[in-house]
Amino acid sequence: MKVPLLDLTRQYAELRAEIEPAVAALMASQQFILGPKVGEFECALAGYCGTRFAVGVSSGTDALLIALMAAGVGPGDEVLTTPYSFFATAGSIARAGARPVFADIDPVTFNLDPARADERVTPRAKALMPVHLYGQLADMAALGDLARRHGMTLIEDAAQAIGAEHGGRRAGAFGDFGCFSFFPSKNLGGFGDGGAVTTNDEQRARRLIRLRNHGMEPKYYHGEIGGNFRLDAIHALVLNIKLKRLEAWHAARARNAERYAALFEESGLLRRGLVRLPRAVTDRPVWNQYIIRVARRDDLVAALKAAEIGCEIYYPVPLHLQKCFAHLGYREGDFPESERAARETLALPIFPELTEAEQAAVVGAIAAFYKAG
Ligand SMILES: *Cc1c(COP(=O)(O)O)cnc(C)c1O
């Protein structure tokens, strides 16, 4: 059985009847830039995240960049973050003109380890940017405390964690800024690129709104330099329709995670130490990815690809070892847990519409690989 890593056409089949007329109405109006659709979505998103404000932007990457700009981060500043994330986390720090300073991860959650981050704080550290990787929250109690003690702005990279909840609070509501992506593969995905920044501070929200539109206020007066970081109305419209289904999709992902746990238990692979499953530490993770640690990872990936079982390596090269960051002076061995995660982990299909038969096929193919030796 062929199993895709992600199949968005199944989701769209259920939404088509609602989305198509709404998009047709927008096209008839020809009102594509900002406007009421963006405003409606921003209100709904702030309500969903439990923050006072949400500002729609052009991508998750731009959400990170604009949050750094609004925090006043620039040349001479350092921003503490994790080396085990999608490139945009550290890329946005460098684009803001600051220096990414990495600290190793906790091997259980794959998220920034607060104790390791604490060791890397210098007087130049202006911001702290933890990532809620794969849909599980970073240790925000400890990281919030660290940020407060050193006067660092706390910017959450919540691109993979919309709706993740701990202690009654949701991703994006812990820090000074929460950054979201609506890239199609995220739990809430648009019809292209999109993002948002959440905040509880009105001054910060106003600055984000100016910065996403060339630092302009009022029209054609520019108090500071921003960019074109606007969210398109068409994406806002689609996202607003999809946001109403998000809780049901989270529940389906959680059910799929439980099914994997049962299927892997039955397979004997856990007992033999060949596969290790992800552990939920967050009260409610949202399972953007289902990440296992496996023996002989690269051979297994080749076997799964040959068997047409969708899987992916997130991320094969930690950020401190990326060529473009060579000038930062990090070396192999600097962050052993990040490097080990990059070598050992593998993402399996977890999307909401995945069937039980497909999950059984995924686990069956993995069992067959180890049986073949
Ligand atoms: C997807 C992602 C981003 C970037 O979002 P885009 O919308 O693709 O620009 C940033 N950080 C993390 C952790 C992500 O997964």
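Which side chains meet in a salt bridge at 2.7 Å, N to O? Those of Arg10 and Glu358 do so, a salt bridge being a side-chain nitrogen of Lys or Arg within 4 Å of a carboxyl oxygen of Asp or Glu. The model is predicted: local features need pLDDT of at least 70 and side-chain atom pairs count only at pLDDT 80 or more, while totals for chains, interfaces and linings use all residues. Residues are numbered from 1 along each chain as its sequence is written, and side-chain values use heavy atoms, with hydrogens and water left out.

An automatic or database domain assignment divides the chain into domain 1 (8–243) and domain 2 (246–372). Their C-alpha centres are 25 Å apart. Contact (heavy atoms within 4.5 Å) links 45 residues of domain 1 with 40 residues of domain 2. The buried area, the accessible area (1.4 Å probe) that two parts lose on being put together, summed over both, is about 3,700 Å² between the domains, and carbon and sulfur atoms give 56% of this. In domain 1, Arg10, Tyr134 and Asn187 lose the most area to domain 2, together 19% of what that side buries.

Two salt bridges are counted between domain 1 and domain 2. On the side of domain 1 that touches domain 2, at least two residues each are supplied by helix 1 (8–29), helix 4 (88–95), strand 3 (99–102), strand 6 (165–166) and helix 8 (233–243); helices (H or I, at least four residues) and strands (E, at least two) are DSSP runs, numbered from the N terminus. Strand 3 gives the largest share, four residues.
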